[in-house]
Amino acid sequence: MPVDLKADCIADSAGGLTFDLNVPQGTGTTWSAALVLRLRAGADDTGAAEGTDDEVRLPLGPNGPGRLRAVLPSTVALAEGRWHAFADLGDGVDPRRLLPGVNDLRSLVDRRPLAGIGRLGVRIPYATKLGNLALRSWLRGPHAEAGDILVAPEGLTVTGRLYGASPTAGAHAEARARRAGLDPVAVPLTVDGPDFRFTLPFEELAARWRHGSEPWDLWLCPAAEVPPVRIARLLDDVPEKKQVFSYPALSVPAADRELRIGPYYTLDNDLAVRVSGPAGEE
Amino acid sequence: MHISFLMHHAYGVGETVRATFGLADALAARHDVEIVSVLRHRDAPALDLGPRVALRHLVDLREHAPSGDRRDPAHARPARVFPAAEPRFGQYSELTDRRIAEHLRRTEADVVVGTRPGLTVHVARQTRRGPLRVGQEPHCLAVRGRELRLALRGAYPRLDALVTATEADARAHLRRLRLPGVRVAAVPRAVPAPRLAPADGTGRWVVAAGRLTRAKRYDVLVRAFAGVVAARPDWRLRIYGGGPEKPALRALIDELGLYNHVFLMGPAGPLESEWAKGSLAVDPAGREPAGAALAEAMRCGLPVVATDCPYGPGELVEDGVTGRLVPAGQPVALAAALLELIDDDAARARLGAAALAGSARFDPVAVAGRHAALFEELVARRRGNGLRGSLHHARGALIGGAYAVKYATRHTARAAVRGVRTV
């Protein structure tokens, strides 16, 4: 039975990752040994279309007895998505899935890059449901990072920071319904350097509710000539925010019923608002 | 020496497995060490076991196991030796009784160690004449029910030694069980050195970790943190772990408006990775003793704020030196202690450094050294006076016998209620 290969991941604050593999002592490697990252095929698999690769090979070299090391520098762009990690020891055997070892992600916890950064790369290692090592990757420029969020009767107040763009006059935030045929709801933005803040009142969302659970995605429009930026929470060590960054929903009176409205993070860690009808009413 | 640990399920995860693996590996540097797992549900152990330690099982419950133990009718019949009042009773059977008895009758070890009360009962009653019979208590007697204590009273007098994790628990065993001639010693649980650099203490995160159960009193911690946030909104709290109290804690966090400051992180992988991100560890437990988690936080260089409940934290944390001890169940006192260390960077750094240095005593090498010294002393004494050992076991059997009769009566009554056959 082949021995399980485990990789310890160490993150640096710039977005680089170092992989340290534990291998049985005496494991030989050849010049072609590599840590292989493969983009998981899926609905959001747009990486290849953007001109980036869906397989990345990082040279794997000796790093002391029983240890091999590979480095993913922050300058290597990884398409947004989920990447599975393999080890190719260069021995002619097919690359093997890596298991997660001990991660040191402390430098990601309160990551705060320079606001002027052009394109922001985020990679967070995690264990898949089957217990294998994978990376969650985002590549965004500009990027609107969500910070504290307040759910109050007057609406949803979002604070955050804009990276890679400067808000100008006319900057605003938009809620865009995922249901087709609805105009976005725009609200003004308060700006202090790269930091922004806006309050999205609930009334308008409530007025447009028709049935079931209706999600609205939140965007930032920094300036007229700049494309809108999705608001997301990426700058920490938590690969899936949905369960951890959880917010209450408020009851909001609509025409003839009470609706529940509250913010949440999508599976891609983008910020959204859900408007849902009374329980059991679809 | 040849040392043999008897474990419930060495192929699973949990504090006992981790601590026993650490201890066994450290002992294996100088001794022959084996781990005998009563049950086996998986092909490979979930946690890493050092290559020097031998591992085997007694009952194979894997789907594809050639032995067919899963379908053995004896495994469907309830255990008689393993005490009915033990929390794991449901997983034991006539088959486990028989296999454990065979193992203990034939063992060639010099020292046999039971790693939970039910298994220590087996070790005390069924180990062949010769080897040292040792019990190791993963929890404390205070959390054991009356029924189980009665079962232990019937068997434990035949032990040579009982090893508890704390002095308080050693005293409780001496007070509540009759154990003449049994060496009762407190040796802290082994906590391996973290596999990453200690926390640098510069972040503004308080970290807690444990099962989200009512007894752990995370509700007290969340309420206390409302007080912390009022004074220091730049500090936040992460609580790692899952459990039945999660929805109630979620609701409390929302009710107190703490959803930007208190986060329920869910179960974590290796906890050392999470402690290293923090600057302060906290344990609000009310009655339950501190687990190895707090010792692990200290090994990562975090000062600990813990409640001064009867078992555990008081021996782990030295108030004002490696952390702070506060009365249990009092959010105001807990908040004050947290703020004291949050507001004083120098004190936090000093206490963190002391916690890091002081917790070296939990290192498996240190803990293994204390176990080995205890075993060696008892083995030497046994050799010096061969008669003494068998006299002790005979006396233990007599003392235990009286309790055993009392227990057996209850056991039968209890089993009858459960509709279990005991004859």
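This is a predicted model: local features need pLDDT of at least 70, side-chain atom pairs count only at pLDDT 80 or more; totals for chains, interfaces and linings use all residues.
Which elements make a right-handed β-α-β unit with β9(B)? The answer is α7(B) and β10(B), which follow β9(B) in that unit. Right-handed here means that, with the strands pointing away from the viewer, the path from the first strand over the helix to the second runs clockwise.

Residues are numbered from 1 along each chain as its sequence is written, while chains are lettered from A and ligands numbered from 1 in the order in which they are written.

**Around β9 of chain B**

Let's stay with β9(B). Helices (H or I, at least four residues) and strands (E, at least two) are DSSP runs, numbered from the N terminus. Strand β9 covers residues 236–240 of chain B, and 5 of its 5 residues are buried, so the strand is largely enclosed by the rest of the structure. Buried means that 20 or more other C-beta atoms, placed from the backbone, lie within 10 Å of the residue's own; 12 or fewer makes a residue exposed, and anything in between is partly exposed. In a regular strand, side chains alternate between the two faces of the sheet. In β9(B), B:R236, B:R238 and B:Y240 point one way, and B:L237 and B:I239 point the other way.

| Strand pair | Sense | Bridges | One bridge |
|---|---|---|---|
| β8(B) and β9(B) | parallel | 5 bridges | B:A208 with B:I239 |
| β9(B) and β10(B) | parallel | 4 bridges | B:L237 with B:V262 |

The chain gets from β8(B) to β9(B) by way of helix α6 (residues 218–231) of chain B, and this β-α-β crossover is right-handed.

**Where B meets A**

Now for the interface. Here 18 residues of chain B are in contact with 16 residues of chain A, contact meaning C-beta atoms, placed from the backbone, that lie within 7 Å. On the chain B side, the elements giving two or more residues are α7 (246–255), β10 (262–266) and α8 (271–275). The largest share, 4 residues, comes from β10(B). By type, that side divides into 8 nonpolar, 5 polar and 5 charged residues. The nonpolar set is Ala, Val, Leu, Ile, Met, Phe, Trp, Tyr, Cys and Pro; Asp, Glu, Lys and Arg are charged, and the others, Gly among them, are polar.

**Chain A**

Over in chain A, the secondary structure comes to 2 helices and 22 strands. Its C-alpha atoms fill a box of roughly 70 × 45 × 35 Å along the principal axes, and 36% of its 282 residues count as buried. Among contacts between residues at least 6 apart in sequence, 65% join residues at least 24 apart.

A:L271 is buried, with 25 other C-beta atoms within 10 Å. Leaving aside neighbours within four places in sequence, the contacts of A:L271 include A:A146, A:L218, A:I231 and A:Y265. A:L271 and A:W216 are 55 residues apart in sequence and 8.9 Å apart in space, C-alpha to C-alpha.

Conventions:
Two residues are in contact if their C-beta atoms, placed from the backbone, lie within 7 Å. Two strands pair if DSSP finds at least two bridges between them.
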